[in-house]
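Here is a short report on one protein model. It covers salt bridges, a sheet, helices and nonpolar cores.

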Amino acid sequence: MGHADPHDVLPFLTLADAAMRGGGSTRFFSLHWKGLLALSLLLIGLSATFAVLNYVHLKSQFRTQQDIRLSTLRSQFKGMIERSTDRLERLGLVLAALGDFEQLSTKGGKAEFGKQQSRYASMRYELDVERMGFFTPEGESLWQWSPTVIPDLSHERQQAALKDVRENERPVSVFGCEPVCTLHVFVPVLQNRRNHGIIQLSQRIADLVIDFRALTNTDLAILVPAEPTAPAELKHWQLRTAALSSAQTLTELMQHLDERFRGPRALSKQSWLSWQGKDYSLHAIPLAELTGGGEGVLLFIADVSVEAAEVRRGIQEGLWVTGAALVVAELLLLLLVRLPLLHLKRLAEALPLLAQGGYGDTRRRLNQHAPSARLRDEIDILTEASVRLSYQLEQTHHALTAERDFVQGLFDTAQVLILTQTGAGHVDTVNEFTAQLMGLSTGELSGKRFVDLIEVDHQDAELRQQLETLVDHLQRRLEHESVLLCADGRMRHVVWVHTRLRQEHADGVAVLSVGLDVTDRIEAESRMRWLASHDSLTGLVNRARFREEVEQSFLLAQRGSHSALLLFDLDHFKDINDSSGHPAGDALLTLFADQLRTCSRKTDVLARLGGDEFAVLLRESDRVGAERYAEHITRQLDGMPFHFEGRSYRVSASIGIALIPQHGNSVEEIMANVDIAMYQAKRTGRCRWHIFSYSEGERSETEQRVYWRSVITKCLAEVGGAILHFQPVVRAVSGDVVYHEALIRLRLDDGRIAFPGEFLDAAMRSQLMYAIDSFVTAEALRILKNDQSARLSVNLSAAALDDPRWAQGFKDAVRDGELDPSRVHFEITETAAIADLKAAQKIMDDLNHIGFAFALDDFGAGFASFFYLKHLPIKYVKIDRSFISKLATDKGDRAFVTALTALAHGYDQKVIAEGVEDGETLALLRDLGVDFLQGYFIGRPGPARLETAAGEHALAFEF
C-alpha cells in the first residue's frame with residue numbers, strides 16, 4: 001500500500017494557504033466570475049454563430065429562388081421564340097400549298113406577283129406578318145412586301161439562309177436585329193416534286209417582349225452591338241438597345257448600368273442592384289444561347305424589392321431574438337452560478353484544513369450548511385464526500401501510525417533478511433534476523449559493502465554492475481541467488497530481491513534488499529533429486545538410474561571396455577515377510593544391501609530393482625571376475641544368519657550373470673538374459689549362481705521372447721496388425737446368444753493368425769500387457785459405439801488394474817450418452833486381482849458404480865477364489881475349463897460345479913461354463929443350473945463383419 005510523502009504535500013499546502021490569504025504574487029480570481037465570463041463568451045459565440053448562420057441561410061435561400069427564377073425566365077423566353085418560329089414555318093407551308101407558285105414562277109414572274117399584291121396584303125393583316133417575300137430557287141428576289149419600312153437581313157445572312165433552304169429543302173429561321181429585332185423564316189415551295197421558290201415571312205420581336213413582360217412580370221432588354229454609323233446608346237458597353245419593355249421606366253436604369261459596370265460580363269457577376277429605392281435582380285445571357293444566332297446580350301430585369309425587404313426583415317428579427325435570448329440567458333446564468341459557487345467557496349475554505357490535520361474543524365464548517373434532502377446537487381455530493389474523506393483521512397492517519405509500528409515490528413522480528421543500501425552499495429541498516437543469521441552485530445554490518453557479504457565468484461563484477469544499473473534508475477527490480485558468508489564459516493543460500501526506492505533519501509539510502517534463506521529448501525531439493533535416482537530404504541540406485549548406467553556400459557563396450565551384470569533374487573523372502581511382517585523384510589533388504597557394499601568396489605553400481613530383486617554392474621570386469629564376485633557373495637550370505645525378534649533365518653540368493661556386450665546388444669536384451677540366468681539358478685536349487693549361455697533351451701527361449709516382443713509392438717502400431725475375434729456366450733436354457741467375448745489375435749507377416757497362447761507369456765515378461773489391454777478396450781469401445789446392438793465382454797490383465805487410464809474412454813462414452821454400460825462387462829482373472837487387491841477393488845468399484853459389470857475368469861484355478869466372490873463386485877463367475885472338460889466322467893468335477901453354482905447364486909451372481917465341447921456336457925450343465933455356456937460346441941471364435949440391413953449397420957459374427 002503506497003502513501004503520500006509529507007514532503008510532496010508541503011508545496012501544495014503553501015500554495016493553498018497563500019491563495020486563501022491573497023498574499024504574495026498569487027492573484028485570486030473567483031471561480032464565480034471565471035465561470036460567468038467563460039459561459040458568457042460561450043453564449044455570445046453561440047448567438048453570433050446563430051445570427052451568421054441565419055443570415056447565410058436567408059441569403060442562400062434568396063439566391064436559390066433567383067436561380068430558379070432565371071431558369072424559368074430562360075425557358076419561357078426561349079419557348080416564345082420557338083413557338084413564333086413554328087407558327088411562321090407552318091404559315092409558310094400553308095401559303096406554299098395554297099398558291100400556284102409553279103405558274104407564277106414560269107409565266108408571270110414579277111408582273112404576276114404584282115397582280116397578287118392586294119391578296120397577300122390582306123393575308124399579312126390577318127396573319128400578323130411584318131414582311132413577306134418570294135425568291136426563285138436560285139435566290140433571286142421576285143417579290144417582297146412590307147407595310148412599313150423595316151430593314152431586311154443583311155445580304156450575306158439572307159443568301160446563306162436561302163442556300164441552306166435550297167440545299168436541304170427544309171425551313172430555316174434567322175434572328176436578326178438590323179436594327180430592329182426581327183424573326184425571319186424561309187420556307188421552300190415544293191410542288192410536283194420540284195422546288196419552285198422560297199417564301200420569306202418575318203415578324204418583329206417587340207410584340208414578344210411585351211408579351212414576355214405581361215406573362216412573367218419581368219422586364220426584358222435586348223442589347224446588340226452598335227452600328228458603325230450610329231452612336232451607341234450604352235457608350236461604355238458599346239451596345240444599343242434593340243428591344244426594351246417598360247422603356248420609360250428602365251431607360252435611366254440602363255444608363256445607370258452603363259456607368260456603373262464595365263460590361264455585361266461584370267454585370268453577370270453582380271445580380272443584385274439597389275437603385276432609386278428599389279432592388280433589382282439582373283441576369284445577362286448571351287443572345288445566341290436563346291435565339292440560336294446573332295450577337296448581343298439578353299438582359300432580364302426583375303424588381304425584387306419585396307423579396308429583399310423580406311430577407312432584411314428576417315435578418316433583423318433573428319438579431320433581435322438572438323440578442324434578447326442572450327440577455328435572458330446571461331441573467332439566468334448569473335442566478336444559477338451564484339448560489340452553487342457560494343457553496344463551493346465555503347468548501348474551498350474548509351478543505352485546506354484537511355491537509356493541516358484539522359479533521360474535526362473541517363467537518364464542523366461543512367456541516368453548518370447541510371444540503372437539502374430533496375435538492376441535492378453535485379456540490380452537495382462533493383460536500384458529503386469531503387466529510388467522509390475527513391473521517392477516512394483521520395482513520396488513515398491512525399492506520400498509518402499503526403502500520404508504521406507494524407513495519408518496525410516486522411523489520412525487527414521477520415525471519416527474512418532485510419537491509420538497505422546506499423547508492424554506493426554500502427549497507428546502511430539491517431534487521432535483527434540478518435545480524436543473528438550472520439553472527440555479527442548490526443553495527444559491524446553497517447558500512448560494509450553488500451558484495452563483500454556474499455561469496456565472491458566470477459559473477460561478482462556482473463552483480464555489482466546490475467546493482468549500479470538499479471541505482472541509476474535504469475532498472476526497477478533485481479533478483480538473484482547467492483551464498484551468504486556467516487561469521488562462523490557456515491554458508492547460507494539466500495534469494496535476494498533488490499528494489500530501487502522512488503527517490504534517494506537524504507542519508508543516501510537508495511536500495512531496499514530483502515533476502516529469503518532457502519538453504520533448507522535447496523537441501524530438500526538435493527534430497528529429492530537423490531531419491532529420484534536411489535532407493536530410500538537401502539540407499540542403492542533405483543531401476544531407472546541402473547538402466548542409465550547399463551546404457552553407459554554399452555557405450556563403453558564400443559571402446560573395448562567390458563562389464564558384467566549380476567541379478568540377485570533373495571530366496572524365501574516372501575516367507576520371511578509373511579511370517580515376521582514387513583519390518584523383518586525391510587531389515588533383511590537393508591542387511592543384504594550392506595553386504596553388497598562390503599563386497600563391491602567403488603566403481604561398481606549397486607541397485608535395488610524392486611521388491612527383493614537387486615543388481616550389480618561390475619565395470620571393467622569379465623566372466624572370471626563376475627564368477628568370483630558371485631561366489632564371494634554366496635559364501636558371505638551362507639555364513640551370515642539373519643535374526644529378527646527372536647527368530648533366525650538363513651539368508652541366500654539366486655544369482656544370474658550376463659556379460660556386456662557378449663550376452664546382449666541392448667539394455668532390454670541384457671536384462672532379459674540375466675533374468676533367464678537368475679531363474680536357471682533358482683531351478684537348480686536356489687542359493688546358486690548361473691551365468692547366461694546361448695544353449696539350445698535358453699537361446700530358444702530368449703529368441704522367442706525377443707521375437708514376440710517385436711511382433712506385438714509392430715502389430716499394435718500397424719492398422720490391421722492386431723484384430724479381435726468374437727466367441728458367443730449363450731443362455732443355457734434357451735440357447736439364445738447373450739453376448740460375445742472379445743479375444744485378441746495377431747496377424748503375422750506370412751498371413752497366419754497368432755493366438756494368445758503363443759504371445760501372452762512374452763508380453764507379460766516384456767511388460768506389454770497394458771498396451772494389449774489398451775488396444776482391446778479401445779477397439780471394443782469403437783465397436784460398441786458403431787453398433788448399438790452389440791454386447792461384449794472384454795478381458796483385462798493385472799496391468800490394467802494398476803493403471804485405470806484405459807477406462808476413461810468408457811466413462812466419457814457413458815457420460816455423453818453414447819454407450820449403455822449394461823452392454824459390456826470386463827473379465828479379470830484371480831491372478832490379476834491378487835496382484836494388487838486394493839487397486840483392483842478401487843477400479844472395479846468405480847466402474848461398477850457407473851453401471852459396468854465384472855466377471856471372475858478361470859474360477860477355481862487359484863487357491864483363494866472364494867475370497868474374491870465376497871470381497872469384489874463380481875456379477876459373473878466363469879468356471880475354469882479344467883472342471884468342464886471331464887464333467888461327464890468325473891464325479892468330483894460335477895460336485896465342484898454344483899457347489900460353485902449354488903454358492904454364486906447365493907451371492908446373486910451368474911455362472912458361466914467355458915470349454916463346452918460336446919452335447920453331453922451341455923446337457924449336464926443345464927441340469928446343474930449353470931446360467932450361460934461357452935465353447936467350441938456352442939460356437940468358435942471368429943471375426944466380425946459389418947452387414948447392412950434395411951439401411952442400418954449391424955455387427956454380425958461368423959463362427
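A salt bridge here is a side-chain nitrogen of Lys or Arg within 4 Å of a carboxyl oxygen of Asp or Glu. By that criterion the structure holds 30 salt bridges. The model is predicted.

## Salt bridges across the chain

Glu-613 counts as buried because its relative accessibility is 17%, and the limit for buried is under 20%. Arg-543, at 36%, counts as partly exposed.

A network of salt bridges links Arg-545, Glu-549 and Arg-619.

Helix H22 (residues 623-638) holds both Glu-631 and Arg-635. They are 4 residues apart, about one turn of the helix. Their side chains meet in a salt bridge of 3.7 Å, N to O. Glu-631 is partly exposed at 32% relative accessibility. Arg-635 is also partly exposed, at 49%.

Arg-650 counts as exposed at 53% relative accessibility. Asp-638 is partly exposed, with a relative accessible area of 46%.

## A five-stranded sheet

An open sheet is built from 5 strands in the order S12-S11-S15-S14-S13. The pairing is antiparallel. The edges are strand S12 (427-430) and strand S13 (477-485), each of which pairs on one side only. Neighbouring strands are turned by 30° against each other on average, direction ignored.

Strand S14 (residues 491-500) and strand S15 (residues 509-517) run antiparallel and are joined by 7 bridges. Trp-496 has Gly-515 in S15 as its bridge partner. Helix H18 (residues 519-533) packs on the sheet and touches S13, S14 and S15. The direction of H18 makes about 125° with that of S14.

Does the length of helix H21 agree or disagree with its residue count? H21 (residues 582-599) has 18 residues, which at 1.5 Å a residue should span 26 Å. Its end C-alpha atoms are 26 Å apart, so the two values agree. The buried residues of H21 include Leu-588, Leu-589, Phe-592 and Leu-596. Gly-585 and Gln-595 are also among them.

Thr-322 lies in helix H10 (residues 305-350). With 9% relative accessibility, Thr-322 counts as buried. Residues up to four places away in sequence aside, Thr-322 touches Ser-47 and Phe-50.

## Nonpolar cores

The largest nonpolar core has 68 residues. Leu-746, Trp-806, Phe-826, Leu-925 and Leu-933 touch the most other members. Helix H26 (residues 769-786) gives the largest share of this core, 9 residues. A second, separate core has 37 residues, including Met-132, Phe-175, Val-209 and Leu-287.

What does Leu-933 contact, leaving aside its neighbours within four places in sequence? Its contacts include Pro-728, Val-729, Val-730 and Ala-732. Ala-913, Val-916, Leu-922, Leu-925 and Ile-938 are also in contact with Leu-933.

Notes:
Residues are numbered from 1 along each chain as its sequence is written. This is a predicted model: local features need pLDDT of at least 70, side-chain atom pairs count only at pLDDT 80 or more; totals for chains, interfaces and linings use all residues. Side-chain values use heavy atoms; hydrogens and water are left out. Helices (H or I, at least four residues) and strands (E, at least two) are DSSP runs, numbered from the N terminus. The expected span of a helix is 1.5 Å times one less than its number of residues. Buried means under 20% relative accessible area, exposed over 50%, partly exposed in between (1.4 Å probe, protein chains only). Contact means heavy atoms within 4.5 Å. A nonpolar core is a set of buried Ala, Val, Leu, Ile, Met, Phe, Trp, Tyr and Cys residues joined through side-chain atoms within 4.5 Å. Two strands pair if DSSP finds at least two bridges between them. Axes are lines fitted to C-alpha atoms, for helices over the stretch in contact, and angles run from 0 to 180 degrees between N-to-C directions.
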